[in-house]
Amino acid sequence: MNETNLNFTSVDINEFFDQNDQPQQEIDTGIVVFTEYQRQLVHTLRDSLTGEHVNQLIPLNKRIDDLKKLAIAIANFPSLLERADLTGGTRTPSSLIDSLVNSNREGDTTLQLPSKATLGKGFLVAKLHTFSSLVKIARAAELDPKFIKQLLDETISMMFLLLAEDVYLSLIRDTSLTMETRRQLALALLLLWEHRADQNISDISPVLQSVWQARTRLAPAFGTMMGTSELIMISFQLDDQWSQFIKTKLGEPGVNQAMEEFLFGISYEQITKLKSLLRERGIAAIGRDEVSSFLGTDVKTDVSEDYRDFFQQYSLRRDNARARKRLDLPGPHKTLEDYFISFVMDMNREKQEKDLHKHEKISETTAPSA
């Protein structure tokens, strides 16, 4: 598990509100500007900038101050975890959750989202850019590579928070999931919007990052799916949750197709066309550099470990999946990230239910007899 745990954990919405959505306890409604771990990284960087690199402190401090001011400004907007009397009427956490799970809107829903959600996304992008700058400063100062990696890992974790928001929104609208699951996802999204931090993704992001890095080291043979077996073998050396996901879910058509898109970096439609062409021509397999010529269009199949490339390719797969679902076309209707995050949250929920059941049984056996 990731050691940079946040200072709060997701809980059931009923722990905060009764039937009338009245707060039952004081709630922290502020954006997490920096976790304690992130603050330590910033302090370490500041202390390390000496000599010819000390002049970097002024722009660094200004950037961090600007980030804090942005967070304060966003905090002035009504909390998403409290009852708010707005100009258009009263808004409560339950009404927000209801609107999310009952929405059947297609396309970009930016204008339907709370202002705090939209502004918070901008804050997260600004924070990501800030940490990206810290990485560049640390590299220029030739600091310890391990420390630079810690800064970079935190930057990447913020990218996964951006990804998580998309995944939550997608899964909330998935009517194949139970209403209970969708409402729990909606609560997780509200907490992410409120704090711009998420414990679930904090634990999941290192796994997805490791899988992405494993993908960059593979050279799959297009047309034969050679490369999938290598990824599966590498998977068993990664996190237990990912290994369990591969073992239990890869046999499902949607997951398998989403895995193909993730692995090869081209769409399901392009993969299908390529396989057909290779069969017709009696060719067993081709390399990455030959894909564009066979498809008759310029496609990007090379990979890098740059987190920006990861997000760009994810967003392309996401848009394609949503289009297929909307038009009822064959191929994956979810991304690999959708499937994996949903799987992990299901596992966590099952564990919580088992732990609760176990606790109840223990309580029954230890209760004094009448």
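Is R308 buried or exposed? It is exposed, with a relative accessible area of 54%. The cut-off for that label is over 50%, so R308 qualifies at 54%.

One caution before I go on. This is a predicted model.

Stay with R308 for a moment. Its side chain meets that of D306 in a salt bridge. The N to O distance is 2.8 Å. D306 has 25% relative accessibility, so it counts as partly exposed.

Now the overall picture. The protein chain has 370 residues, and 47% of them are buried. Its secondary structure comes to 14 helices and two strands. The chain exposes about 19,300 Å². Carbon and sulfur atoms supply 51% of that area.

What about contacts along the sequence? Take those between residues at least 6 apart in the protein chain. Of these, 72% join residues at least 24 apart.

Back to salt bridges. How many does a search of the whole structure find? The search finds 16. Here are some of them.

D174 pairs with K334 in a salt bridge. The closest N and O atoms are 2.5 Å apart.

Next, E337 and R317. They form a salt bridge too, with the closest N and O atoms 2.8 Å apart. E337 is in helix α14 and R317 is in helix α13. The two are 20 residues apart. Are they buried or exposed? E337 has 0% relative accessibility, so it counts as buried. R317 is at 8%, so it is buried as well.

There is also a network. Salt bridges link D166, R318 and D319.

Last stop, T181. This residue is found in helix α6, which covers residues 179-195. Why does T181 count as buried? Buried means under 20% relative accessible area, and T181 has 8%, so it falls in that class. Its side chain makes a polar contact of 2.8 Å with the side chain of T178. Which residues does T181 touch beyond its neighbours within four places in sequence? Those are D346 and R349.

To recap the pairs. E337 is buried, and R317 is buried.

Notes: Residues are numbered from 1 along each chain as its sequence is written. This is a predicted model: local features need pLDDT of at least 70, side-chain atom pairs count only at pLDDT 80 or more; totals for chains, interfaces and linings use all residues. Side-chain values use heavy atoms; hydrogens and water are left out. Helices (H or I, at least four residues) and strands (E, at least two) are DSSP runs, numbered from the N terminus. Buried means under 20% relative accessible area, exposed over 50%, partly exposed in between (1.4 Å probe, protein chains only). Contact means heavy atoms within 4.5 Å. Accessible areas come from the Shrake-Rupley method with a 1.4 Å probe; for residues, only the protein chains shown count as cover. A polar contact is a pair of N or O atoms within 3.5 Å; within protein, one must be able to donate a hydrogen and the other to accept it, and residues adjacent in sequence count only if both atoms are side-chain atoms. A salt bridge is a side-chain nitrogen of Lys or Arg within 4 Å of a carboxyl oxygen of Asp or Glu.
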